[in-house]
Amino acid sequence: MPDKADGIQAPVSVRQAVVATECINTNAMHGRDDLLLFAEQRLAASRSGAGGLLLLTGEAGIGKTRLLQAIQETARAEGIVLWSAGAFPQDVELSAGLLLDLGHAMSRSDRPAVADRGKDLVVDLADVTFVPGSGDAHRRRRLFVLDAVERLAALSEDGPALLALEDLHWCDELSLEIIAHLSRRLSSLPLLVVGTLRTDELHQGAPARSWRARLLIQRLAEEVRLSPLGLEDTSRLVHELLQGRRTSQSLVALVHERSGGVPLLVEELVKAAAQERLTASTSYVPETFAQAVRQRYSALSVAARESAVASAVVGRTFDLDLLAAAAGCPIDEAAESLDELVDRQFVHEESLGWFSFRHALIRDAIAAIAPTAGRRAMHARIAEVARHRPELGGDAYRSAHHEAAGQRAEASMAASDAAARASSLSAHREALDLLDRAVRCLQAGDDQRRVDLLTRRAVEAAATDNNGQAAADFELARSLLVKDGDPVAAAGLLPGLAAVRHLLGDPLEKRIALLNDGIQEIEPFEGEEQQRVRAALLAGKAGAYLVADDLDQATRATDQALAAAATQDEETRLNTTISLGTALVFGGRMDEGWQLLEKTTRRARELGLEAETARGYRMIGSSASTLVEYQRADEWLAEGTEYAARTEQWNHCQYMLSHQAHVRWCQGRWDEAYRTAQQLLSENEGGVTTRIIALHVAGFVAFGRGHFEAAGNALDEARAAGEEMRELQRFAPALWGLAECAVLGGDFATAATLTDAGYDASHQFVEAANLYPFLVTGTRARLALRDVTGAQEWVDKVSADLLVRGVPGTLPAIDHAEGLVQLAAGRTGKARDRLTAAHEAWIRRTRWWEAQWCALDLARCAIASNRRTEASALVEEVRRVASAVSSTPLVDAADEIGSRLDRHDVVQPWSPLTQREFDVARLVARGLTNREIAEELRITTRTAGSHLEHIRAKLGVGRRSEIAAWATEVEAR
């Protein structure tokens, strides 16, 4: 329920609020001055209409709740409206559980408009359901989310407001999605949302984990991480808790050691010690936090102890009726016990008539006290109450208590029903957790239902990137179907199994063999189901060949799959068409391929086919990222990651984030690229394919900044993983990165060898997307080895493959490489034309790395043509942009070229000739005639002859061979 203080005009600092309130003292706030100041600034910003989302994170008991309460007290003192809600352990399986809690709080408001909105929200949450596969399911879900956001935004319609959300680590996906959408509007609202998260609860399956990472990456939230107290702050806290009474340093040291500097544990240990007549003797200090809580618990009356256990077993907020039912006692006895628990500071009243434990750790410690039989009986009573009170959480909440009560059949059925509802809401992690319970509690012998649950769980596991679990479930379900004599249904699971085996790193041959086995198994059968399964298996083969860059095989398989797919089998047709469109763009049929991909993805989204839609976004975004179509990639990856996150297609989401990072690197936005890549690598989600792309990005940023060892480590790991998968797109970028490292480090022979390996791997498929970066790198390496002929041969053979495919984004590499060869041959006019064309194309396509090196190549060409002003402008621009991203290799190269421009007094190596005369001498060394020299330098033949006469006179030679020998020697210096 909101609380607004009237008549206070001057802002009150968080520190003042901490001291002033009886609920919060200075005890837990030691060592938090910087955090308190930061909170004050955010509150001030929200008062002026610039709200935001602030996350307070840290381990359990670290002081997040105390800091949140301090912020609330400041807000209350400043007349800011307060709202609060909290999540509870079971809420991860309860769609919109947090919003349900907030809706109840709003419905009890003394402001009629707010109360009505709260009641409407509760009703909507109880009734909301979206039928899986329904064409308008996503539209209805989106409208529901937007409506909920409007209701939350309206909390600030009467002035600045603070929304406090506790324990978001237990929150469900739908509530988190609504908060995420709200966060996009907060910067223009006088609404500050502050949430607490326990970092020790952000395990891989926790919805809040990727939610938090996504908001921080997108800068839609700020995070304050609370760390444990040091010994000095712990000492001050202990002394203040003891209210000035003397204590020994040995006791302080022991409390600090046992508590780990966690303020709540310090407080509980000191309270327990005080009850034993405080002394320096360690025998009076409880061994653990649980002992401290139990010691206080033992001082309660028998009835209060029973009510405390019952409250802990409930596991979330509770009212008096629920407590009485759980404890199995009359209402008046429950009320009396509840008063005692409040008085002894075990629980507190969150809102009118609703209570919860002061801290989750206290609840957990007490829940462990109850005997097993007693707990089971309580859980059974709670489950029965929940059956008739859907506002408590419905089937999901009920299933948890059925299981804890040992009522396995009821738990399995309730969990299965709740999972279907969660899946219809695109809450796939909730669905996975619920299906775990449904399978776990399933009675033995019901194989048909086990197959259904395992298949459903495999689909949810794949969607949430639990690929090992998905593979195991698909395989077990398949074996049960084979045993039951249904080979067609068993083969129907193979496309899903092959897809997750790919993400687990299985090579192409193994996955193709798996799919071919399925085709052979169903060959003797006929009928619509057999035809549907056959088409799906062929579509799976098309996808497998596609990611292996075997475009010809992929195209053949897509044609076969489309011919086999029944008209009503929309999922298979769309999935296959996405593969076909991808094969077309990689094959150079750009307009046709992009149009087909975009049209198919839109169609899948209209039909509410989440997996096909997410795959469509993935293939468009990642293909554009690879094919140097960065504007297209930007648009589709942004839309795709939002869609995949909202529908909890987590593997697709993580993979698209890795390609977003790749695009950022390509565009020269290295800080963003590196931050996203490191986040993905640290969380290690998205399967091996996501990790490989993130390693590519990390390696590219590292070598771009001159950190060659770090680059080598990242790229070596990516290369090894990609080669194990035998997929060109996984290992070729790593090979190129290693070759680029070798060039930058001066190891040109290794660079040439690596580029040869890159060409050999790509040439067998005659593909362009992974080959084109090798062209320029390989040319530089061969020219540095003074193998101009070899460089030209390299350019010719690599360019031939690129021209076969004709992918526009790869073609600037041809001009760039040709320009380098021409420059090395002394043909500065032709070099300038080719390099200018390449530079303009790289800039147009925002391929930043090659664009900067091409600019320096143009500068070298300009110096050779005596265009010093042009060269200087190019060098200065590269130095400026390279410094902005801390690219040491580029800055060093720019400085080296710039030094030649700056040193006017230094005798040039071609002295006593002029620059133009030296250009003529170099062309003589290349064997060009006077007419060819004139054509190359764009001068007349007569002028070329005059230059030769001057050269002979200055060098004191008479023959062209002597001029050639001198020029060759100068170039070799």
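**Helices and residues in a predicted model**

Helix α28 is followed by Gly588, a residue whose phi is positive, near 100 degrees.

From one helix we turn to pairs. Two packed helices are described by the angle between their axes and the distance between the axes. Consider helix α8 (residues 207-217) and helix α33 (residues 670-683), whose axes come within 11 Å and cross at roughly 170 degrees. Because angles over 145 degrees count as roughly antiparallel, α8 is roughly antiparallel to α33. The crossing in which α8 passes α33 is right-handed. On the α8 side, the residues that meet α33 are Arg209, Ala213 and Ile217; on the α33 side they are Thr676, Gln679, Ser682 and Glu683. Sorted by class, the contact of α8 with α33 has two nonpolar, three polar and two charged residues.

A second pair is formed by helix α36 (residues 728-744) and helix α42 (residues 848-864), which pack at an angle of about 30 degrees with their axes 14 Å apart. Since angles under 35 degrees count as roughly parallel, α36 and α42 are roughly parallel to each other. Helix α36 passes α42 in a left-handed crossing. Trp736, Glu740 and Leu744 of α36 make this contact with Trp849, Glu850 and Trp853 of α42. The residues of the contact of α36 with α42 divide into four nonpolar, no polar and two charged.

His502 lies in helix α24, which comprises residues 494-503. Is His502 buried or exposed? With a relative accessible area of 9%, His502 is buried, because buried means under 20%. Leaving aside residues up to four places away in sequence, His502 touches Arg511, Val547, Val688, Thr689, Met725, Glu727 and Arg730.

Arg375 is found in helix α17 (residues 372-388). Its relative accessible area is 25%, so Arg375 is partly exposed. Again leaving aside residues up to four places away in sequence, Arg375 touches Val313, Ala367, Ala368 and Ala370. Along the chain, Arg375 and Lys954 are 579 residues apart, and their C-alpha atoms are separated by 104 Å.

Notes. Residues numbered from 1 in each chain as written. Predicted model: local features only at pLDDT ≥ 70, side-chain atom pairs only at ≥ 80, totals over all residues. Heavy atoms only, no water. Helix = DSSP H or I, 4+ residues; strand = E, 2+ residues; numbered from the N terminus. Buried < 20%, exposed > 50% of the residue type's maximum accessible area, 1.4 Å probe, protein only. Contact = heavy atoms within 4.5 Å. Axes fitted to C-alpha atoms, helices over the stretch in contact; angles between N-to-C directions. Parallel < 35°, antiparallel > 145°, perpendicular 65-115°, else oblique. Left-handed = near helix turned anticlockwise from the far one by under 90°. Nonpolar A, V, L, I, M, F, W, Y, C, P; charged D, E, K, R; others polar.
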